[in-house]
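Reader: Before we start, please show me the sequence and the model. I will then ask how each label was reached.

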Amino acid sequence: MSRFDQYFLMEEADILEYVREKYDFFPADAQLTCKEIGDGNLNYVFRVQDPATGKSVILKHSGVETRAHSGRKVDIDRNRIEAEILQRQNELAPGFVPKIYGYDPVMCCCAMEDLKDYTILRTALLDYRTFPKFADQITTYMVNILLPTTDVALDHKQKKALVKSYINPDLCSITEQLVYDDAVGNFAGKNYVVAPLADFVEQEVYADKALRLEAAKLKFDFMEHAQALIHGDLHSGSIFVTEDSTKAFDPEFAFYGPMGYDVGNVIAHTLFALVHAEGTLPEGDARRTAFRTWALETTYQIVDLFREKFLRKYAEVVTDKLAATEGFAEYYLDGVMADTAATAGMELIRRIVGVAKVKDITTIEDENRRAELEKALIHIAKTLILERGTIRTGHDWKNVVEAYL
Ligand code: SR1
Ligand code: MG
């Protein structure tokens, strides 16, 4: 009999006892420390460390309710989905995700590698740090983890079994509501924006019928297009970086969905980082110029490198005979690029008007400047959504982004 045979929400002291009982990472006499370090909306993240050796491990533990105490119940199976997916992704893209040491379905607790030398990408970008290898690394990660999970590459029965295994209704419901419904309709009535942006959002977002129709189409595409096993929440807070390395984590929103959802998310948050620099550094500041150059180049490189690597990988992994027909890979990629543009557009709008805002914009203190930049992003977002079928290459993205920013 163990205290950990039945689920309960663990705190730091419980985690210390739990680690000793379940794992043999540390010597029995080690004076371990434990600290809760999570800052996300959903889970608890504990670092357990042996100060004598510096050795440490991360324990990610799910509660039945979000840690934000929103009253929202979220299936604790998300922890299983996350652990399994990270293991699968480590096989598909070795070195691009943290290592998983174990998963406990009773306590809904996953033990994983502590990436102590890494910084969360958003934190680094808010400090105006730039990462010249990021576009190359994140596109390798996305192509390598997405394409091999599709019907293009997998036996179709095996793929359908995966769709079933990774069905993730609670987390998908959050996305359906926050990214689609609330972004264009404020259906939950909880949206808010800074005062100088309010009229603009009423007219340009909530009252725009054409935009709402496209958002409805995109929401149903998100729900119905079981294309690839996607990360599902690949913003800059879900990515760790060093100068030389990129690792994606926190795939608890993962499910079978449109792969452009991941690519579009990455790009939306590169643009948020750009706007943060433009809104917080004075014009003419060398850091602002350097950051702008990096953020814009990175945005366009992500698109072009993804395209290039996607077509190369497609030829390598395709097993479906019809999907190998000349011209089909390009047709398939066009669909992914349209989803990429549209997702980036929805993500930009929802983070500006909705409840799940990002520090990139909330830390711009001058409300007028913030509203000006948010308007530019909303114009970009609307173009990305309404004209998504024509925005395919880095050059196409440049035309859209630099028309407003
Ligand atoms: C209630 S969760 C709010 C947001 O945080 C997550 O990271 C997802 O982006 C979600 O939409
Ligand atoms: Mg998260």
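Reader: What volume does the largest cavity have?

Author: The largest cavity has a volume of about 70 Å³, where a volume is the space filled by probe spheres set on grid points joined across faces, edges and corners. This is a predicted model, in which local features need pLDDT of at least 70 and side-chain atom pairs count only at pLDDT 80 or more, while totals for chains, interfaces and linings use all residues. Residues are numbered from 1 along each chain as its sequence is written, chains are lettered from A and ligands numbered from 1 in the order in which they are written, and side-chain values use heavy atoms, with hydrogens and water left out.

Reader: What makes a space a cavity and not a pocket?

Author: On a 1 Å grid over the protein atoms alone, a cavity is a set of points where a 1.4 Å probe fits but cannot get out, whereas a pocket is an open set with protein on both sides within 12 Å along at least five of seven lines. The search of the whole structure finds three cavities of 30 Å³ or more.

Reader: Which residues line the largest cavity?

Author: Lining residues have an atom within 4 Å of a point. For the largest cavity they are Y180, L218, D221, F222, P258, Y261, D339, A342 and T343. The elements giving two or more residues to this lining are α8 (209-224) and α11 (328-353); helices here are DSSP runs of H or I with at least four residues, strands are runs of E with at least two, and both are numbered from the N terminus.

Reader: How many residues of each class line the second largest cavity?

Author: Its lining has seven nonpolar, four polar and no charged residues. Ala, Val, Leu, Ile, Met, Phe, Trp, Tyr, Cys and Pro count as nonpolar, Asp, Glu, Lys and Arg as charged, and the others, Gly among them, as polar. H235, S236, H269 and T270 are among the residues of this lining, so by that rule they count as polar. About 50 Å³ of space lies in this cavity, and α9 gives the most to its lining, with three residues.

Reader: What is known of the second largest pocket?

Author: About 190 Å³ of space lies in the second largest pocket. The largest share of its lining, three residues, comes from α6. By class, the lining has ten nonpolar, one polar and one charged residues.

Reader: Why is the pair of Y128 and F291 called edge-to-face?

Author: Rings of Phe, Tyr and Trp (its six-membered ring) pair if their centres lie within 6.5 Å; planes under 30 degrees apart count as stacked, over 60 as edge-to-face and the rest as tilted. By this rule the count comes to 18 aromatic pairs. Y128 and F291 are 6.4 Å apart centre to centre with 85° between the planes, so the pair is edge-to-face. Y128 lies in the loop between α3 and α4 (134-146) and F291 in helix α10, so the pair ties together parts that are 163 residues apart in sequence.

Reader: Which residues of α10 and α14 meet?

Author: L296, T299, Y300, V303 and D304 in α10 meet G394, W397, K398 and V401 in α14, contact meaning heavy atoms within 4.5 Å. By class, this contact has five nonpolar, two polar and two charged residues.
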